[in-house]
Amino acid sequence: VASAGNDNTNDPVFPGSYPAGFADPVAYPDLYQGVIAVAAHSFNHCKASFSNYGTWVSISAPGDNIFSTLPTYMFTNGGFEWWSGTSMAAPHVSGAAALAWARNTGAVNSQIRSQVVNQNSSPLNTLVRGNTSWPNERSNFERDDDFHILETQYNKVCDNKGGIWGY
């Protein structure tokens with residue numbers, strides 16, 4: 001799981017997108033199945049102004065104004081502060097991957113990636129692409145939705161009416 005970068009670009013090149021740029025199947029056909037590139041969205045599920053984006057991004061997660069712990073040398077508010085960045089979004093997806101692995105202990109990396117990216121992304125209220133919420137650049141990634149990993153049966157019972165998006 002790798003942060004997509006905070007340069008507001010769709011270019012998956014070093015240094016801003018390293019190592020998330022390896023999720024680009026065109027540039028790295030042998031590597032992309034081992035990388036989950038995470039973009040950041042804000043409370044309204046729109047792209048965070050700083051987040052990198054593009055067809056190489058695997059999934060989006062909350063990354064704008066996230067209450068987080070800080071190293072001891074940075075304590076300003078008792079060890080906690082509101083921060084933004086794709087580095088704040090990636091832990092959400094790392095948690096989803098850990099949940100998927102806990103439920104599928106025999107799975108390999110590519111299977112966990114597939115479950116997190118394809119089966120975990122919310123099918124409801126898909127990301128709007130059209131330069132108002134997200135750039136319209138032919139990407140097809142969606143939001144992180146851990147509910148689909150934890151309680152897959154509710155997708156059928158509730159007719160896809162449930163979801164937890166992190167906000």
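Me: Where does Asn8 sit?
Reply: In this predicted model, Asn8 is placed in the loop between strand 1 (2-3) and strand 2.

Me: And what is phi there?
Reply: Phi of Asn8 is near 50°, which is a positive value in a residue other than glycine.

Me: Is Asn8 buried, partly exposed or exposed?
Reply: Asn8 counts as partly exposed because its relative accessible area is 41%, a value that falls between the 20% and 50% limits.

Me: How many bridges hold strand 2 to strand 3, and how many join strand 1 to strand 2?
Reply: Strand 2 and strand 3 pair in the parallel sense over four bridges, with Ile59 in strand 3 as the bridge partner of Val38. Strand 1 and strand 2 also pair in the parallel sense, over two bridges, and here Ala2 has Ala37 in strand 2 as its bridge partner.

Me: Why is strand 2 called largely enclosed?
Reply: Strand 2 is largely enclosed by the rest of the structure because five of its five residues are buried. Ala37, Ala39 and His41 point one way from the strand while Val38 and Ala40 point the other way, and all of them are buried.

Me: Zooming in on Val38, what is its relative accessible area?
Reply: Val38, which lies in strand 2, has a relative accessible area of 0% and is therefore buried.

Me: What is Val38 in contact with, leaving aside neighbours within four places in sequence?
Reply: With those neighbours left aside, the contacts of Val38 include Val1, Ala2, Ser3 and Ala4, and also Ile59 and Ala61. Thr86, Ala89, Ala90 and Val93 are in contact with Val38 as well.

Me: How far is Val38 from Asp144, going by C-alpha atoms?
Reply: Their C-alpha atoms are separated by 9.3 Å, although the two residues are 106 residues apart along the chain.

Me: Now the core. Which residues touch the most other members of the largest nonpolar core?
Reply: That core has 17 residues, and those touching the most other members are Ile36, Val38, Ile59, Val93, Ile112 and Val116. Strand 2 (37-41), strand 3 (59-62), helix 1 (86-103) and helix 2 (109-119) each supply at least two residues of this core.

Me: Which of those elements gives the most?
Reply: Helix 1 does, with six residues. There is also a second, separate core of ten residues, which includes Ala2, Ala20, Ala37 and Ala39.

Me: How many aromatic pairs are there?
Reply: The count comes to two aromatic pairs. One is formed by Phe67 and Phe80 and is stacked, at 5.5 Å centre to centre with 15° between the planes. This pair links distant parts of the chain, with Phe67 in strand 4 (residues 66-69) and Phe80 in strand 5 (residues 80-83), 13 residues apart.

Me: What is the other pair, stacked or tilted?
Reply: Phe67 and Trp82 form a tilted pair, at 4.9 Å centre to centre and 45° between the planes. Phe67 lies in strand 4 and Trp82 in strand 5, so this pair ties together parts that are 15 residues apart in sequence.

Me: Which residues make up the aromatic cluster, then?
Reply: Phe67, Phe80 and Trp82 form one aromatic cluster.

Me: How accessible are Phe67, Phe80 and Trp82?
Reply: Phe67 is partly exposed at 43% relative accessibility, and Phe80 is likewise partly exposed, at 37%. Trp82 is exposed, because its relative accessible area is 52% and the limit for that class is over 50%.

How values were computed
Residues are numbered from 1 along each chain as its sequence is written. This is a predicted model: local features need pLDDT of at least 70, side-chain atom pairs count only at pLDDT 80 or more; totals for chains, interfaces and linings use all residues. Side-chain values use heavy atoms; hydrogens and water are left out. Rings of Phe, Tyr and Trp (its six-membered ring) pair if their centres lie within 6.5 Å; planes under 30 degrees apart count as stacked, over 60 as edge-to-face and the rest as tilted. Buried means under 20% relative accessible area, exposed over 50%, partly exposed in between (1.4 Å probe, protein chains only). A nonpolar core is a set of buried Ala, Val, Leu, Ile, Met, Phe, Trp, Tyr and Cys residues joined through side-chain atoms within 4.5 Å. Two strands pair if DSSP finds at least two bridges between them. Contact means heavy atoms within 4.5 Å.
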